[in-house]
Amino acid sequence: MIPSAFEYATPATLNEAMAMLAADEDAKLLAGGHSLLPTMKLRLAAPTKLIDLRKIGELRGVSASGGGARIGAMTTYAEATASAALKGYAALIDATSIIGDTQVRNRGTIGGAMAHGDPAADLPAVMLALGATVNVIGSAGSRAIAIDDFFVGMLTTALEEGEIITSIDLPALAAGTSTAYVKFANPASGYAMVGVAASVTMSGGKVSACRIGLTGAGPSATRLEGVEQALTGSDGSEASIASAVANAGDGLDILGDIHAGEDYRRAMVSVYAKRAIVAAIARA
Amino acid sequence: MTTETMFGRALKRREDPRLITGRGQYVDDIQIPGVQRIFFLRSPYAHAMITSIDTSAAEAHPGVMKVYTGKDLPAVPVPCGVNLPDSNQKTPPYFMIATDRVRHTGEIVAAVVASDIGTARDAAEKIVVEYDPLPVVVDAEKSVMDGAPQLYDGIDNNITFDWKLGGGDIDAAFAGAEVVIKQRLVNQRLIPNAMEPRAVAGRYDSATGDLTLWDTDQNPHIIRLLICMLTGIAENKLRVIAPDVGGGFGSKIFLYAEQLLVTTITKDLATPVKWVETRSENFQATTHGRDHVSYVEMAFMKSGKLCGLKVKTYANMGAFMTAFAPLVPTFLYGTLLSGVYDLPALRVETIGVLTNTMAVDAYRGAGRPEASYLLERVMDIAADELNIDPAEIRRMNFIKGEFPHMAVTGMNYDSGDYEGNLDKALAQFGYADWRAKQAEAKAKGRYLGIGLSCYIEACGIAPSKMVGMMGGGVGLWESGTIRVHPTGKVTAYTGAHSHGQGHETTFAQLISDTLGVPYDNVEIVHGDTNQVQFGMGTYGSRSLAVGGTALLKSAQKLVEKGKKIAAHLLEANAADIEYKDGSFSVKGSPDRSKAFGEVVLMAYLAHNYPADLEPGFEEQTFFDPTNFTFPEGTYMAIVEVDPETGTVTPLNFYCMDDCGNVLNPLIAEGQVHGGVAQGIGQALYENAVYDENGQLISGSMMDYAVPKITQLPSYTTEFAPVPSPSNPMGVKGIGEAGTIGSTAAIANAVMDALSSMNIRHIDLPLTSQNVWNAIQAAK
């Protein structure tokens, strides 16, 4: 619980932050700190410098954009939950309103959670289901990363060295689309042992499209493509959902721990996929 | 001057404004100029030989004052306070710092003293320790097997004691029985997790030889006594202060290596030093609780009548034994295995086993939750097997009739009304209604469960003579001094120690009543060996029954003294003086009276005073109880099980406690709430898990599930007092009841919910995964 000594800086602009990051290869960005600071206290991480992004105005705020929404990377969970521009993204609000506790929701940021790529974080499942785009800036300029390409592995994302997430774009939801996120929380940490976000588009009594994101179960968040295919074209009834999720966990890379071993967790993927889809459709 | 009766009033705690606005003074809040900080380097191995330690780089680190290893310190082991009679107890030595061998992860290997804690930790990383790992055993049943790794030479099969208790003719009881229920039960290891981790600060004055220790503990006088015995420091030169203490739950009773190290180091360096445990250290190196595996055989007639009980328990004691450790799974456990039942015969054997894990000692309830869980869980298994309602099988077997009742365990139950308590609980908590709701829910595919637990515990710990017979190295009386100042204001000194119990409020209430002074005029002092005469501290729900009685008796002595003074002033006989509402008056002549303040002032002036009476107005009592007290009660849990996930949701929790007379119902209710939370924590969430290498897997709040408010139900708490004859207030104790009674109620509710699935028993904790696995296995 006693970190190594480190420097601390609060750049006012993105350019300043990038320069600091480029100047010190052992520096780390601070975007809330709920994951980073505990690892530093345990000395699992010992950055020389923390570059706190919280004073950079261009990273904050949520705006409506082209029918969708743009979420500044330093938007806190509490700000996202309260944002009018995000009201339609029910799955996102499901997640941001239950992450951690009040303190966490007031300090933790959406960009921070995405960059950390924790396999048990809530937002990765939601962003996968919503088909988000992650906007980043680095020394080579800006680029947009499709969410399907973003989560690479355990605590690993498509972010390159020196890149900073600036915002996350959520596309407009197609007509007839409703979303939900449900999680099976670890009784100790509150992190997802299994978390599933579903975005389901109903059209003419059928599921015309859907995206299902899974977090918590494996080394990184992933879409449940088999479930998506089985559900698409069905009538969205409980029976069809049950059938679509029956083998949802098959073939997935699943992690186990003392709270939920591999077999149990795999079984819970089906249960929570069903609950997420049912919850989404119930909102239609 | 009239004072309202304070006994029975739900006063808010006077401690709270201070504590909840951040004005508490915990050890880490104590500011000592020039203080150096200590960081302990701890073993990452559960069992290894230390082949070398090189501290030279750490000692050269800027800001480091000194680095200690085991060879720098006297090889005086910290004593275990109990030597169980007739148990062949072999107590392993517990040294301040490991020298040649470590036996659990977290054992101290070196101590770094530096200008600040960051520097101390930086330097500790420069200490090079070479270990030669040894085979590890963490499981008690495996540890006693031939061929298991051995922790100590001379402690064969890692068995530190083998304790037996019996009563009645057990063989005849089983021979005459029609049904024998056999069950293996696990009572998992728990981690106490007081909100304030351990902390010790020491300051030695080389000019006077005075040493002050600020220590977060439950019994500063015992800590002082032990330190003095081990270090040779004179008892009148060591002051131990346990200031505000943020919870203990038993884990802060014991003298640990760390307190001795801080004492030794501050004296050696003649510099103030402080150590504050990190939460990670608290998980690893503060005593754990429970950890039993028991083999139970319970014999019945088909009618449900109880014939006898045989229990064999493997108690995992960890790698060494702290102060009370051997007492917990023996005299605080086996003696409660008769419960509230008329048990004709009992045989219990507890095998204390050493393993490569942290030491196990008292944790809220200490032995009694293990006994209560075992008995109440098996009663429900029997009810299920014999097809008798759980309430009825209990009723059929209750102890009825006259008290005191000598149980087959040798415990002399002081008072109780077990059937009356159950009846009240069933009626007030709507047992029949819940059964109807359960059936309705079942029809809709929902699995509700109703669980009962009728507990008993032994509190008011304890008659000193009995403690001696159990092999304990202390007496467990308590002291209380009341000093009435010349102005009539009162300061009372208690040897009990408050670390959440609210003594500053409750003790002031009882003194106010007896002394006839306003509650606000009474201050309570505790936790400082230089202020309080002596005391045994707080644990075993003893504060009010023992410590409170000492204060009560002192107050009564003061009233008697006041009568003598008043009699002198009123020219009457002391026998004719009565004291009421703060006024001493002659019986039958209320106008001939002297106010409390006048009498007290005269005690100090002594100008017009009885010739044979000492001046001053101060009395002291050392009270040694003649018996334990035996709180009892009925708990009823309502849970719902999600059959798809195995998740148990506790919906309601009902408590009908007989803790004797209730001094402050608000505080008593708070004790029940907290205790039940910890009992539900054991039932559903908490589990201290070591892997086979002796690494603590559940070593943080990320992995060890202390229940959060969202994981707990609402409580309904009622009191059904049957006054105890063991003390003049008729109180029994309520600090541990919630923990003792609640775990079985939840477990029984879960099995009740699953009764249609042919599931007989699931071991603790009833996590989603464990319940789901049982459901799958039963399919």
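# Reading helix pairs, sheets and domains

Student: Let me start with two helices: are helix 10 of chain B and helix 11 of chain B roughly parallel or roughly antiparallel to each other?

Tutor: Helix 10 of chain B and helix 11 of chain B are roughly antiparallel. Keep in mind that this is a predicted model. The cut-off for that reading is an angle over 145 degrees. Here the axes of helix 10 (residues 390-397) and helix 11 (residues 418-428) of chain B cross at roughly 160°, and they come within 10 Å. The crossing of these two helices of chain B is left-handed.

Student: Which residues of helix 10 of chain B and helix 11 of chain B meet?

Tutor: From helix 10 of chain B come A391(B), R394(B) and R395(B), and their counterparts in helix 11 of chain B are E419(B), L422(B) and L426(B). Sorted by class, this contact has three nonpolar and three charged residues, with no polar ones.

Student: Let me try a pair in the other chain. At what angle do the axes of helix 9 of chain A and helix 10 of chain A cross?

Tutor: The angle is roughly 145° for helix 9 (residues 238-245) and helix 10 (residues 262-282) of chain A, whose axes come within 9 Å. The crossing of this pair in chain A is right-handed. Helix 9 of chain A brings E238(A), I241(A), A242(A) and V245(A) to the contact; helix 10 of chain A answers with S270(A), A273(A), K274(A), I277(A) and V278(A). The class count is six nonpolar, one polar and two charged residues.

Student: On to sheets. In what order do the five strands of the open sheet in chain A stand?

Tutor: First the general idea: strands of a sheet pair through backbone hydrogen bonds, either parallel or antiparallel. In the five-stranded open sheet of chain A, the order is 4-5-10-6-7 and the pairing is antiparallel. Strand 4 (62-65) and strand 7 (141-146) of chain A are the edge strands, each with a single partner, so one side of each has no neighbour in the sheet. Ignoring direction, neighbouring strands of this sheet are turned by 25° against each other on average.

Student: How many bridges join strand 6 of chain A to strand 7 of chain A?

Tutor: Six bridges join strand 7 of chain A to strand 6 (residues 133-138) of chain A, and the two run antiparallel. To find your place on screen, look for I137(A), which stands opposite S142(A) in strand 7 of chain A.

Student: Now domains. Into which domains is chain A divided?

Tutor: Chain A has domain 1 (7-51), domain 2 (59-170) and domain 3 (177-282). The C-alpha centres of domain 1 and domain 2 of chain A are separated by 19 Å. Ten residues of domain 1 of chain A contact 17 residues of domain 2 of chain A. On the domain 1 side, helix 1 (residues 14-23) of chain A gives the most, five residues. That side has seven nonpolar, three polar and no charged residues.

Student: Finally, how many residues of chain B are in contact with chain A?

Tutor: 22 residues of chain B are in contact with 15 residues of chain A. The largest share of the chain B side, four residues, comes from helix 3 of chain B. By class, the chain B side divides into nine nonpolar, eight polar and five charged residues.

Terms used:
Residues numbered from 1 in each chain as written. Chains lettered and ligands numbered in written order. Predicted model: local features only at pLDDT ≥ 70, side-chain atom pairs only at ≥ 80, totals over all residues. Contact = placed C-beta atoms within 7 Å. Nonpolar A, V, L, I, M, F, W, Y, C, P; charged D, E, K, R; others polar. Axes fitted to C-alpha atoms, helices over the stretch in contact; angles between N-to-C directions. Parallel < 35°, antiparallel > 145°, perpendicular 65-115°, else oblique. Left-handed = near helix turned anticlockwise from the far one by under 90°. Pairing = 2+ DSSP bridges. Domains from an automatic or database assignment.
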